[in-house]
Amino acid sequence: MNRIGNVLLAASSALTFALLYAPVAVTVLFSFNAPRGRFNLLWQGFTLANWRHPLGDPALTEAFLTSLALALAAALLAVLLGGLMALSLARARLRGRRVIGLLVALPLTNPEIVLATALLNLFVGIDLPRGPLTLLLSHSLFCLSYAALTLKARLAGFDPSLEQAAQDLGAPPLEAFARVTLPLLAPGLLAAGLLSFSLSFDDFVISSFMAGETVTLPLYLAGAFQREISPQVQVLTTLVLLVSAALLLLATLSGMPTLRKAVDLPRRDPFGRP
Amino acid sequence: MPASPRAEAAVRARRFWPWLLLAPGLLWLLGLYLLPLLGLVPLSLSEPLSRFGLETVFRGRLATYLEVLQAYGPILWRSFGYAASATAIGLLLAYPLAFAIRFRGGRWQPLLIGLVVLPSLTSYLVRAIAWTSLLGDNGPVLALLQSLDLTAAFNGLGLLRDGRLLNTPTAVILGLLTNQLPFLVLPLVLAMERIQPCLLEAAADLHAGAWRRFTQVVWPLSRPGLAAGILLGLIPAAGDVVNPLFLGGPNERMVANTIDNLLLVQLQAPRAAALTLVLMALVTLAVLLQLRGRGLDGLPLP
């Protein structure tokens, strides 16, 4: 009985991983395709030519750089504003804390299209032309909730007596914050920043309402789907994937011992041997 | 002892600084979220001023809601149907994987979690483009089905339409499903990590078999992860634009495509606002049903 269960478990996990990685594998494979015609969607033959000019599609490269800059700015803004909110919500006994907490979490329960429609109506109403500014405002807003909630959860796990001890030893509050709380919070800040970055970098729905003449990478890709998909699309995606995988591996390897301690993994398998 | 002016100032500062820290974020949330959201209500009750612009005039016109429900009711129904199917199938796949990662992963657990996350770090538009290659008329999936002589059977089941996979509900649901899989798996793993191993050891000591340990301990304690997964998976899927556009045909368009079209092509801002508010009301209802009085705080959100 246990053996059948294990086989089923392994088979279903393999199927899930296959579904997750099928589009990724196809993308990597098609970066080595020599397409006939304008759409790199049908396998024709192997070539390395696309990799000789990874930035060979200027419009794609420009959209990529635009998205990079936008995601960086939105993530910084979201982590700054969200971090300050999280500090206040986690530390101070405020009246109206619950209402503010609800307001922070509420944007997460809306589909993106709701926010896009609402913001377009606002910016049309106050006659603010759509472009880089409206993109930054809208992206920093939807990242703000994620950043604030992530950091609030981190801060809730801290022992405030550490900061108090520093103050008892004569450190002014700001110095105690900078030398005790901030270093402890650094991994959380990085995590919130990376999450915000990837949310903004990949956003399509809100950007399509907010961009005006600006072309971000997802907007370029949506246009390319109608016009022309050059193999550089797959090359650039593969490069992004490699960088993400390296970062993720680094984070995993460096975090493994602490994570194991944090979640208190069982020393023996509670299911295998009763 | 009379309070010194310095102590008084300190008390005032202690009341003041939390609000100072909150101010910029609150400004963002009020000005860029709450205010524009409330602004949709008067917009939905207005009428367009002309056929060539987004300018409107307020008329208090409730009939727009009736028209929107009549015209787009089926699309709303379809959107939630697709999203719910994708989430349901997704949970059937995500639950065993989360269980395997938590209870069989051992020291590979963090790496396995990383592998679940990695695909979502590539653009979801590029992944949708890749699915069009896989599911296309000359693609490998249809070739495999043909070589196994399954095309007719799949046609009969309604999974294919005229021997094609692209532009069918199957393709759209598959796209939605693979997008949300990581968001279903992660909360489940987090919820299962909160299950203390000693509980399972205690159950084993009381002679509970593997099946009873699962149904009596793991399943009830992993339910919050299920709820969080449904929230994180269902909401974005119900409002998705890309998958119905890339993988579906005109008959598979979802509600967000309709809002997009009303606003940016037809310039029918009041109708778009009304449909948006209806969508929001339905999603909020789904959230409340899912939470059933529990707060968001208790959920294992990654």
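Domain bounds come from an automatic or database domain assignment. On that basis, chain A is divided into domain 1 (1–56) and domain 2 (58–229). The model described here is predicted. In it, the C-alpha centres of domain 1 of chain A and domain 2 of chain A lie 32 Å apart.

Chain A is built from helices. Its secondary structure comes to 11 helices and 0 strands. The C-alpha atoms of chain A fill a box of roughly 70 × 65 × 35 Å along the principal axes. The radius of gyration of chain A is 23 Å, whereas a compact globule of 274 residues would have a value near 19 Å. Of the 274 residues of chain A, 38% count as buried. Contacts between residues at least 6 apart in sequence were also examined in chain A. Of these, 77% join residues at least 24 apart.

The mean pLDDT of chain A is 87, and 92% of its residues reach 70 or more. Helix α9 (residues 205–210) of chain A has the highest confidence, at 95, and α11(A) has the lowest, at a mean of 76. Over residues 257–274 of chain A, the pLDDT is below 50. Beyond near neighbours in sequence, this stretch has 13 contacts in the model.

The contact between the two chains was considered next. Chain A contributes 76 residues to the contact, and chain B contributes 74 residues. On the side of chain A that touches chain B, the elements giving two or more residues include α1 (2–30), α3 (58–91) and α11 (232–263) of chain A. The most come from α1(A), which gives 15 residues. By class, this side of chain A has 56 nonpolar, 18 polar and 2 charged residues.

The largest nonpolar core has 143 residues. Within this core, Leu119(A), Ala94(B), Ala98(B) and Val185(B) touch the most other members. Domain 1 (1–56) and domain 2 (58–229) of chain A both give residues to this core, so the core lies between them. Ala98(B) touches Val185(B), Leu188(B), Val189(B) and Met192(B), with residues up to four places away in sequence not counted.

One loop of chain B was examined residue by residue. Leu165(B) lies in the loop between α6 (151–157) and α7 (169–193) of chain B. Is Leu165(B) buried or exposed? Leu165(B) is buried, because 23 other C-beta atoms lie within 10 Å and the cut-off for a buried residue is 20 or more. Leaving out residues up to four places away in sequence, Leu165(B) touches Leu135(B), Val141(B), Leu142(B), Leu160(B), Thr170(B) and Ala171(B). Leu148(B) is 17 residues from Leu165(B) along the chain, and their C-alpha atoms are separated by 16 Å.

Asn167(B) is placed in the loop between α6 and α7 of chain B. Asn167(B) counts as partly exposed, because it has 17 C-beta neighbours inside 10 Å. Its backbone is also of note. Most residues other than glycine have a negative phi. Phi of Asn167(B), however, is positive, near 65°.

A positive phi is also found in chain A. Phi of Asp127(A) is near 60°, in a residue other than glycine. Asp127(A) sits in the loop between α5 and α6 of chain A. Asp127(A) counts as exposed, because it has 6 C-beta neighbours inside 10 Å and the cut-off for an exposed residue is 12 or fewer.

Definitions and conventions
Residues are numbered from 1 along each chain as its sequence is written. Chains are lettered from A and ligands numbered from 1 in the order in which they are written. This is a predicted model: local features need pLDDT of at least 70, side-chain atom pairs count only at pLDDT 80 or more; totals for chains, interfaces and linings use all residues. A nonpolar core is a set of buried Ala, Val, Leu, Ile, Met, Phe, Trp, Tyr and Cys residues joined through C-beta atoms within 7 Å. Two residues are in contact if their C-beta atoms, placed from the backbone, lie within 7 Å. Helices (H or I, at least four residues) and strands (E, at least two) are DSSP runs, numbered from the N terminus. Ala, Val, Leu, Ile, Met, Phe, Trp, Tyr, Cys and Pro count as nonpolar, Asp, Glu, Lys and Arg as charged, and the others, Gly among them, as polar. pLDDT is the predictor's confidence in each residue, from 0 to 100. The radius of gyration is taken over C-alpha atoms; the globule rule is 2.2 Å times the number of residues to the power 0.38.
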